[in-house]
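Hi,

Here is the structure I promised to pass on. My notes on it follow below.

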Amino acid sequence: MMKNSLIFIVVVLISITKVSGQFTISASESYSAPLSTYDAVMAGITLNDHLTIVANFNQNASFSAGWTLKVRANGDFTNGSSTIPSQYVSLKFRSVNGVQGVSGSQVSLTNAYANLITTTAALASPPAYYVPFNFDMIIQGGAHLMVPTTGVFSTTLTVSFCNSAGTVVTSLNSVPISFTINYSNTCSGTTIENINSTSYNFDTYSKLQLGATVTEGITIPYASNGANCRGWSLKVRANGNFVNGSSSVPAQNVSLKFNRVSAGSATNAQIGASGNPIPLSMSDVTLINQSNAPFDFSAAHTFDIIIAGGSALSSATTQGTYTCPLIFTLNNQNGQLISTKNVSVSFQITYGNTNDYTVTLLYPNVSFGYSSIANYLNGILVTKTNGLKIVAYSAYQVIVKTVGPNLINGSNTLPVSMIKLQNSSSTSKSGITSTNISLSANDQVIIVNNYNDYTYQTVEYNLKYIMEANNAITTAPSGTYTTQVIYVVLPR
């Protein structure tokens, strides 16, 4: 007969609580006036006698010299979703009644224990039965107090009384401590109003080369609607390049430069705006950073539009209006987005938009293929027979340049001057001057036609691109090196 075996398991929970029957501590917090202005928030405040910790002797007790009072923060100061790191708040020993040899320095509240007071005298009962220790609370001012939610910011502290050996005698684990911020700097309600912009017309070749500055080309108005708004920042982002059909000019070819305060009482110096041109980018760039001045009920700032001249404009192949959408954003001191406004900025290129001249590159692609040792030893010639065709009804000259000084292959480069360019009219017309050059990013005249009779109205030119033997080619990393060559016809 089998017997069933029953196993009984008994779990006993044992806990030990250490209580000092002779000695306890308590704490109380005093009322503090709120931080209600911008200046107060930026300066911070010292709240005298804000926290009192009381040592209570229930029976005769004695603690030899070297006993300490320690503190640590149980978390950051919070109010709803807003947080202020606890290390910006400190406690400092201020006074004690009836006990000698007590001192203490300013202690930041962190999650690590720090000594609030140290001693060189004993603490005993009698005669001491009730000993209050008073502490100032120091709140460090600055942008960290520019919180989106106003009101009471609070946390709790752990305060421990330790004997001279460092052993904890008794502790308070949830001592409340707080301060109040009534100043709101969220900029809530402040808006960027409708932005005005001025265009510019590049109607001559020299303007294309020199570029242009459109003084006060952009005006940005603001409305505060009564909101506090200091420490704000203004940013801008290009939503693409400046585009006209299939032709474009890179956004970074255009910069914005702060000009003046056209409405409102703040000065340039008070705002702290940089006077340097700031190139546009597909990412946010800062135009005004952490303004030192608030907005009036209404205000406006103007910016110059600086358009860089040179190859970027010369290589724009289509005449007409080049437009780029810009996105302006206003952020408060905490970096939170307050307002955004879009505006289209444009300029015109009308130079060359005439029936007097027609320029055609019949074979626009030129390729030097180094596929044999002979290519490296002898160089390469690429001929474009009748490669350039010009129809003109008046005298002209032809200028050639490259978009940059180098042929580019990733991070590797070769100078464009390695390539020579020769030209000749296909019918060998007298009175046309042809000049051979080495390519350059600078303007170089290669053709001068001083005649305007009907026999010179249409002229085709043979083009020869020559790459002579060169050690730089031999030692260059393999790959495709590219540049763009620009042909420009100017009237004589």
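Strand 7 (residues 89-96) and strand 12 (residues 130-140) run antiparallel, joined by seven bridges. Two strands count as paired if DSSP finds at least two bridges between them. Strands (E, at least two residues) and helices (H or I, at least four) are DSSP runs, numbered from the N terminus. Valine 96 faces phenylalanine 133 in strand 12. Strand 7 also pairs with strand 9 (residues 107-108), antiparallel, over two bridges. There, serine 90 has serine 108 as its bridge partner.

On provenance: this is a predicted model, where local features need pLDDT of at least 70 and side-chain atom pairs count only at pLDDT 80 or more, while totals for chains, interfaces and linings use all residues. Residues are numbered from 1 along each chain as its sequence is written, and side-chain values use heavy atoms, with hydrogens and water left out.

Glutamine 397 sits opposite valine 448 of strand 36.

Now the largest pocket. It holds about 1,600 Å³ of space. Of its 50 lining residues, the closest to the centre are Leu361, Pro364, Gln484, Val485 and Ile486. A pocket here is an open set of points on a 1 Å grid over the protein atoms alone, where a 1.4 Å probe fits, with protein on both sides within 12 Å along at least five of seven lines; lining residues have an atom within 4 Å of a point. The volume is the space filled by probe spheres set on the points. Strand 38 gives the largest share of the lining, six residues. By class, the lining has 31 nonpolar, 17 polar and two charged residues (Asp, Glu, Lys and Arg count as charged; Gly is among the polar ones).

Asparagine 332 lies between strand 26 (320-331) and strand 27 (337-349). Its relative accessibility is 2%, so asparagine 332 counts as buried (under 20% relative accessible area, 1.4 Å probe, protein chains only). The side chain of asparagine 332 reaches the backbone oxygen of threonine 186 at 3.2 Å.

Best wishes

Note on methods
Buried means under 20% relative accessible area, exposed over 50%, partly exposed in between (1.4 Å probe, protein chains only). A polar contact is a pair of N or O atoms within 3.5 Å; within protein, one must be able to donate a hydrogen and the other to accept it, and residues adjacent in sequence count only if both atoms are side-chain atoms.
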